[in-house]
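Please look over the points below with the coordinates open.

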Amino acid sequence: MLKEISITEIEDFKVGNAEDAEGGTGCTVLICPKGATAGVDVRGGSPASRETELLHSVNTVQEINAVMLSGGSAFGLEAGDGAMQFLREKDIGFQTGYGKVPIVCGASLFDLAVASNTAFPDKAMGYEACRSAYSQLPPKEGCHGAGTGATVGKIAGPETCMKSGLGIFATQLGQVKVGVVVALNALGDIIDYDNKEIIAGLMTPEKDGFADTVQHLYSDIEHPRDLWKGNTTIACVITNARLTKPQCNKLASIAHNGFAQSIRPVHSTADGDTIFLMASGQVEVGVDALGALITECTARAVNKAARAAEPAYGLKAAVDFK
């Protein structure tokens with residue numbers, strides 16, 4: 001098993017949270033002040049995202065300054081404006097010749113059904129997450145940041161879903177460091193990376209065990225219907241590896257294998273699953289080996305997001321089924 005390190009041990013990156021616990025929403029920012037080569041891969045059918053187009057390999061901008069993960073559905077994309085303001089005040093951004101423009105990408109998950117449908121991360125909360133990132137304190141997991149209102153196992157609606165949250169897993173192999181931050185808000189069930197058992201997800205009507213989302217889907221295969229829309233798992237991978245923009249995009253794609261190994265089913269039409277990747281360019285690396293490492297780190301971050309969550313908003317969590 002990989003040796004875990006603190007995500008704060010990955011140089012050149014800062015990670016911070018801000019949340020509204022009463023409203024059941026929050027945001028998590030990952031900042032690279034000097035700029036990071038980046039990529040993205042959007043797999044789910046219902047994404048809410050910011051500045052993903054500029055990450056295409058053929059487009060001009062080569063480095064970004066931050067990724068904002070947030071709740072609040074499309075409303076939560078406003079949190080990225082807070083990062084823009086914060087970074088501009090620190091004179092960080094893409095030099096246009098007429099001043100620097102901070103490059104802030106982002107994605108949002110749907111948590112409006114958990115506590116309040118009028119609470120969402122705004123510019124002030126995004127700014128506060130950046131302030132938290134610069135404190136250098138390790139970010140909290142579970143019901144914090146973008147995971148504050150996150151839930152899983154929602155194919156039958158909110159009555160039999162479970163609380164999940166924010167998960168962080170970081171490791172070092174040789175000089176290569178990788179960290180993954182996941183806000184876990186999946187339609188499907190969460191699968192233990194090591195023993196392949198369900199650890200969170202769709203509960204039975206009695207809420208005393210797991211009902212298995214895939215089997216629930218199979219029973220409806222001849223009865224088309226709309227899936228519960230309150231989903232989307234979003235993540236950002238950070239690494240000190242030296243990568244090109246096309247390599248970052250490819251590795252963001254490979255990172256979804258970690259979702260596939262820990263979320264079942266994944267990438268549904270009712271999920272907006274999105275993974276960003278940021279690379280600070282310190283260490284030469286074998287790209288395929290890094291892809292395998294990122295896959296495992298992503299799956300383990302998903303597992304931590306489920307296990308770190310506590311019961312909240314009237315919902316059970318994985319800790320209730322130990």
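1. Terms for the sheet come before the model itself. Two strands pair if DSSP finds at least two bridges between them. Helices (H or I, at least four residues) and strands (E, at least two) are DSSP runs numbered from the N terminus.

2. This is a predicted model, in which local features need pLDDT of at least 70 and side-chain atom pairs count only at pLDDT 80 or more, while totals for chains, interfaces and linings use all residues. Numbering starts from 1 along each chain as its sequence is written, and side-chain values use heavy atoms, with hydrogens and water left out.

3. Strand β13 (residues 189-191) runs antiparallel to β14, and two bridges join them. I191 has I198 of β14 as its bridge partner. Both strands belong to an open, antiparallel sheet of three strands, ordered β14-β13-β16. The edge strands are β14 (198-200) and β16 (263-264); each has a single partner strand, so one side of each lacks a neighbour in the sheet.

4. Most residues other than glycine have a negative phi, and most peptide bonds are trans. The peptide bond from R264 to P265 is cis, with omega near -10°. P265 lies in the loop between β16 and β17 (274-283).

5. K196, not a glycine, has a positive phi of about 65°. This residue sits in the loop between β13 and β14. With a relative accessibility of 47%, K196 is partly exposed (buried is under 20% relative accessible area, exposed over 50%, partly exposed in between, with a 1.4 Å probe and protein chains only).

6. Q136 also has a positive phi, near 70°, and is not a glycine. Its loop runs between α2 (123-133) and β9 (151-152). Q136 is partly exposed, at 41% relative accessible area.

7. A nonpolar core here is a set of buried Ala, Val, Leu, Ile, Met, Phe, Trp, Tyr and Cys residues joined through side-chain atoms within 4.5 Å. The largest one has 39 residues, of which V178, L184, I190, L277 and L290 touch the most other members. At least two residues each come from β12 (176-183), β14, β15 (234-241), α4 (245-260), β17 and α5 (287-308). The largest share, eight residues, is from α5. A second, separate core of 31 residues includes I10, A107, A146 and C236.

8. What is I190 in contact with, leaving aside its neighbours within four places in sequence? Its contacts (heavy atoms within 4.5 Å) include L184, I198, I263 and V302. Also among them are E197, S262 and N303.
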